[in-house]
Amino acid sequence: MKKGPSPVSRISTRVAAILTTVAAAGALTGCSVLEQFQQPEEQQASEEQTTSEVPEEEKYDTGQYRKEPHPGWPETPVDMTSYSEGNQIGYQTLLPYEVDPERFTQGRMPVRYNTFGRISLVFPDAVNEATKPFEKNYISGYIHPASDEDGNQIAENYIWRFTDPTSAEGFANAIRDTYLAEGGINWEDDTTYPLEYIDIPGHPGAAGMKDEEGDQVHMVTTYNEFVIFANAMDNRDLDMAEEEKNQDLTWAVDYMSKFLTMQLPMMDDIETHKTEEGFGKHDKLQPMDPDNILKYVVMSPEGVEMTGPVPAHMNKRAMNGMFKATGEVSRLLDQADIEAMAIGESTLFRLANPQNAEMMLASFRALDSEDDPEKFDEPQGVPGTECYSTYEGSGKLHYCYLKYENYYAHISKFENTSANSEATIGNDPEEEANKVDPKTQLSQMVAAQYLMLRAAVAEAEGNADGAAESSAEDTAENTAENSAENTAENNADSAAKTLSETTAETPAAES
């Protein structure tokens, strides 16, 4: 009997353009960025004469996108608790690739669970109903999903945080008990059936729930105030005849065991804030932009549809989870000398030097070349850019690489070219009239990124100059102090010597 998609896999099968966009970031072929924009001296001189009076900020159309860096976020406001906590959890949630690098090579859509309501996409209705009482104690969470090369075998690693261990345990027990009682769903007649309890080797505190009919295994356990949940699914049987089906899920059980063996030691590395119940590590939330890079990422203006992920500072694990080519990107991130990285409407890396930024662009270019992209000129001629298009599902993905000094950025925009993409019936006429062509919008984002990176480099140079001046002042001050001290010391020595000689030459006073 052919089954429909499992409710627990819905979130990971909706790989929307916003992540396909980021995942498509790559490295190009041919000459370097600098060579591509190199022009004859006469032409350069002519252009400099005609454009020298126009400030860079006025040369380019950035649309509604901000062209100045954001003020930054030295501290995280309280109303961003779920956002901040979700980021910290995502930094320490294992990628399926890390657990089984041979099998799970294709990254899927990671999700930050800012609200309890988002969890409803993970579970069947019965589990959602059973876990409702714990909503008031929920803080935040994260998932890293992945699949094999063909998209048939899927793994999803979840971690959710609650205010206290009692709430986490209650939530986990509700998941376990409901799955075992009525967690399986027959999609053809919308009926449910109980699942089989199984042990997870090496982890007696974890509950495994085997859905043989659905070709999947679920696992849940707790660690202090955290709930650790995972799914492992095998869709290879969907297109097989009944007599050919192989429902051996041993690999899924082994995956759960290895996942917990690797994940549990990492739980104490999650940088949490203390809850009112007294659980957590820090009195304050962790900073949103600790490396001072998120402020330079392009972000969606108010009223403009967001096409990239929710803006966030990233570590290597979280950034790798944003890409489809997990293995290749993992090696790239390990080898690159990266100082900081963040995502938003653009994906931005700050490297140790311009040479490393050039190497990163070249590496991504090589990855993307496998999709045989079509190159096009950046409409505004923004310096340091290379732009391409590739077919992606129901449309085309347009993307640009931008290298500026020691920064590398990737920016993209999806264009729906399907037959019904032009339908406007029922749409707001004013909205339709104000729609911007995808390539034009991409160019606006690229220009905004370029101007912000100019500001970033200028700011860094200013800080360096300030530090140098301060160092020079300190050196001069220390030199003066040392000189004064030495002079005083020499004078004192000289005076002491003179006094000693005088005393030696003068007879002692008689008593």
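Reply: Gladly! The protein chain has 15 helices and 17 strands; helices (H or I, at least four residues) and strands (E, at least two) are DSSP runs, numbered from the N terminus. This is a predicted model, where local features need pLDDT of at least 70 and side-chain atom pairs count only at pLDDT 80 or more, while totals for chains, interfaces and linings use all residues. Residues are numbered from 1 along each chain as its sequence is written, and side-chain values use heavy atoms, with hydrogens and water left out.

Me: Why is Arg317 called buried?

Reply: Buried means under 20% relative accessible area, exposed over 50%, and partly exposed in between (1.4 Å probe, protein chains only). Arg317 has a relative accessible area of 19%, so Arg317 counts as buried. In the protein chain, buried residues make up 48% of the 511 residues.

Me: What makes the pairing of Glu98 and Arg317 a salt bridge?

Reply: A salt bridge is a side-chain nitrogen of Lys or Arg within 4 Å of a carboxyl oxygen of Asp or Glu. The closest N and O atoms of Glu98 and Arg317 are 2.8 Å apart, so the pair qualifies. The two partners come from distant parts of the chain: Glu98 sits in helix α7 (residues 96-99) and Arg317 in helix α11 (residues 316-320), 219 residues apart. Glu98 itself is partly exposed, at 26% relative accessible area.

Me: How do you know that Lys274 and Asp283 form a salt bridge, and is Asp283 buried or exposed?

Reply: Their N to O distance is 3.7 Å, which lies within the 4 Å cut-off, so this pair counts as well. Asp283 is exposed because its relative accessibility is 69%, whereas Lys274, at 40%, is partly exposed. The structure holds 15 salt bridges, and one network of them links Glu85, Arg161 and Glu225.

Me: What makes helix α6 mostly covered?

Reply: In α6 (residues 81-91), 10 of the 11 residues are buried. Among them are Tyr83, Glu85, Ile89 and Tyr91. The cover over these buried residues includes strands β2 (111-112), β3 (138-147) and β4 (153-162), along with helix α11.

Me: What makes a group of residues a nonpolar core, and how many residues has the largest one?

Reply: A nonpolar core is a set of buried Ala, Val, Leu, Ile, Met, Phe, Trp, Tyr and Cys residues joined through side-chain atoms within 4.5 Å. The largest here has 60 residues, and Phe349, Met360 and Phe364 have the most contacts inside it. Helix α15 (residues 438-505) gives the most to this core, with 11 residues. A second, separate core of 28 residues includes Tyr142 and Met267.

Technical notes. Contact means heavy atoms within 4.5 Å.
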